[in-house]
Amino acid sequence: MKVLELNQIQRAEEGLYYRRKFTAVAVIQIPLSNLKIPISFTIETGPLGNKDLSIDFFSSLDYPVIPLKKALAETIMIMDSEGRLP
C-alpha cells in the first residue's frame with residue numbers, strides 16, 4: 001500500500017490558531033487497484049511544539065484502517081513540514 005497523492009486539499013476556518021482542519025481526497029495504491037478516499041484531518045500543535053494528527057474517513061472502507069491511517073499520517077506530516085498544506 002502506498003499513498004500516491006492528496007488532492008483537493010481545503011482548509012476549514014477554525015477559531016483556534018493552534019488547530020488546523022482540512023478536507024482532501026487521498027489516492028491510495030493497493031495491490032489490485034487505486035482507491036480514492038475522501039478524508040478529513042486535523043493537525044493540532046501543542047504548547048511545546050509537538051503535533052497531534054487525527055484522520056477521519058467519510059466512507060466505509062474494505063481495507064484495514066490502521067495501516068492506511070499510518071501511511072496517511074506519514075504523508076500528511078511530511079507535507080506539513082515542507083509547507084505544502086494550505
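Reader: Which residues does Ile39 touch, not counting residues up to four places away in sequence?
Author: Ile39 touches Leu6, Phe22, Thr23, Ala24, Ala26, Asp56, Phe57, Phe58 and Leu72, where contact means heavy atoms within 4.5 Å. This is a predicted model, in which local features need pLDDT of at least 70, side-chain atom pairs count only at pLDDT 80 or more, and totals for chains, interfaces and linings use all residues. Residues are numbered from 1 along each chain as its sequence is written, and side-chain values use heavy atoms, with hydrogens and water left out.

Reader: Which residues of the largest nonpolar core touch the most other members?
Author: Ile28, Ile39, Phe41 and Leu72 do, out of 19 residues in that core. A nonpolar core is a set of buried Ala, Val, Leu, Ile, Met, Phe, Trp, Tyr and Cys residues joined through side-chain atoms within 4.5 Å; buried means under 20% relative accessible area, exposed over 50%, and partly exposed in between (1.4 Å probe, protein chains only).

Reader: And which element gives the most to this core?
Author: Helix 1 does, with five residues. Helices (H or I, at least four residues) and strands (E, at least two) are DSSP runs, numbered from the N terminus.

Reader: Turning to the sheet, in what order do the strands run?
Author: The sheet is open, with four strands in the order 1-2-3-4 and antiparallel pairing; two strands pair if DSSP finds at least two bridges between them. Strand 1 (2-12) and strand 4 (51-57) are the edge strands, each pairing on one side only.

Reader: How many bridges join strand 3 and strand 4?
Author: Seven, in the antiparallel sense, with strand 3 covering residues 34-45. Thr45 has Lys51 of strand 4 as its bridge partner.

Reader: Where does helix 1 lie?
Author: Helix 1 (residues 65-81) lies across strand 1, strand 2 (19-29), strand 3 and strand 4, and runs at about 130 degrees to strand 4. Axes are lines fitted to C-alpha atoms, for helices over the stretch in contact, and angles run from 0 to 180 degrees between N-to-C directions.

Reader: Is Asp80 buried or exposed?
Author: Asp80, which lies in helix 1, counts as buried because its relative accessibility is 12%.

Reader: With which side chain does the side chain of Asp80 make a polar contact?
Author: With that of Lys51, at 2.7 Å. A polar contact is a pair of N or O atoms within 3.5 Å; within protein, one must be able to donate a hydrogen and the other to accept it, and residues adjacent in sequence count only if both atoms are side-chain atoms.
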